[in-house]
Amino acid sequence: MSLLDHTHNPAAQSWVASANAADTDFPLQNLPYGLFRRAGSNENARVGIAIGDQILDLHLAASAGRWSSAVQVLLQPLADGDLNSFMAQPAAQRRQVRHALFDALLAGSKQQSALTVALVPQAKAQMAVPCRIGDYTDFYTGIHHATTVGKLFRPDNPLLPNYKWVPIGYHGRSSSIGVSGSTVRRPLGQLMPPGAEAPVRAACKRLDHELELGLFVAGGNALGEPIPMAEADDHMFGVTLLNDWSARDMQGWEYQPLGPFLAKNFATTISPWIVSMDALEPFRSAFAHPASDPQPLPYLDSDKNRGEGAYEIELEVWLQTETMRVAGEPATRLMRSNFKHAYWTLAQMLTHHASNGCNLQPGDLLGTGTQSGPEANEGGSMLELSLGGKQSLTLPNGETRSFLADGDCISLRAYALKEGARRIGFGECSATIVPAPQL
Ligand code: CA
């Protein structure tokens, strides 16, 4: 059953004029959720939705607007700044709120005069991590990334045999997740210099980004009760950009036998706006493993997943060095890719995660793994673009990079485009690297 409805009509326009600009990330058809406070204020953080260059403050909108009694009840956790409680609601009720907000922001709505007071310019807001992230897991679904990186670490055995059977992942750390606009401190760690007999403790020399999406879990599951594929979509709330900062020299030394640890848990950056699954509905597409590959086991397979389990989302990484920033030069694009290349779908990640009875909770975050494209210049990390540091990239101003330098600002961007649908953007996921602490 298609969930496309009037909120996906590409011709629909808003009375918020900036939402009608062709290049806005946040048209009326998007309506992503975020957490903000007015810059310079110490008010409690509020849930808002992005609309053009504005935010609709749902604390104010819940009381200023006129809503049906059912919608008023659903708006209450949002008015209280508690996105997690809203995420826990069934999909049909979350969709009911989308419809109410869409109708209220639609050009010609009688709500315009009441809701104008609830608009806050995004330029005057300070964004926060949008919800309580109880647990964070990072998957590894980018097969081009896994193959290229596997070759660097294990030239004779790049893709381990389990890769095409089981969605690989590890448990990350939620305490160090920050929102776009923050800084990331270069970590200290154990490094094993080439040819050395013992490791040294030093600042990471091979600091890297990873281009990922993050799926926020909606309603969870009780401990011991798996989520079948047929119900996976209802447990998916929405998607952000995610940068899994990685210390490659620390990773190379510490990763065996248990996988990533301190090379990853010092920082993760996400974009502030969670784009709902409803907003992404027009961008679903067919999903299949190549016929020559193992086909998913039955618990990871469904007609719906094969028919429309993938999402076509354009992904980009941009770099602005400190030298470029001082000279007033814009960021340069390092690569582009598309989420359609992922080897496992969002539904398969979620279902697999709960398949042993592990209980997911509203607000849990599932990273997709680095989404590199099939071509060599489509690597979603410096590790891939520089072939493990062996070849450096030359930037437009003549600077070179094999890994990231202090002062570098990495920005991830994404948007969904399709004939017959309004372009949906994700905003930015940016952070600037600051020097390591003194030893
Ligand atoms: Ca990762």
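Helices (H or I, at least four residues) and strands (E, at least two) are DSSP runs, numbered from the N terminus. The model is predicted, and its local features need pLDDT of at least 70, side-chain atom pairs count only at pLDDT 80 or more, and totals for chains, interfaces and linings use all residues. Residues are numbered from 1 along each chain as its sequence is written, and side-chain values use heavy atoms, with hydrogens and water left out.

Select L31, in the segment before β1 (33–38). Its phi is near 60°, a positive value in a residue other than glycine. L31 counts as buried because its relative accessibility is 3%; buried means under 20% relative accessible area, exposed over 50%, and partly exposed in between (1.4 Å probe, protein chains only).

Go to L387, in the loop between α13 (382–385) and β23 (393–394). L387 is not a glycine, yet its phi is positive, about 50°. With a relative accessible area of 38%, L387 is partly exposed.

Next, select Q256 and P257. The peptide bond between them is cis, with omega near 5°. P257 sits in the loop between α8 (248–254) and β16 (268–270).

Last, select W165, L297 and Y299, which make a nonpolar surface patch of about 280 Å². Patches are made of residues with over 30% relative accessible area and no salt bridge, with like charges joined within 9 Å and nonpolar side chains (Val, Leu, Ile, Met, Phe, Trp, Tyr) within 5 Å. A salt bridge is a side-chain nitrogen of Lys or Arg within 4 Å of a carboxyl oxygen of Asp or Glu. Accessible areas come from the Shrake-Rupley method with a 1.4 Å probe; for residues, only the protein chains shown count as cover. L297 is in the loop between β18 (284–285) and α10 (303–308), and at 40% relative accessibility it counts as partly exposed.
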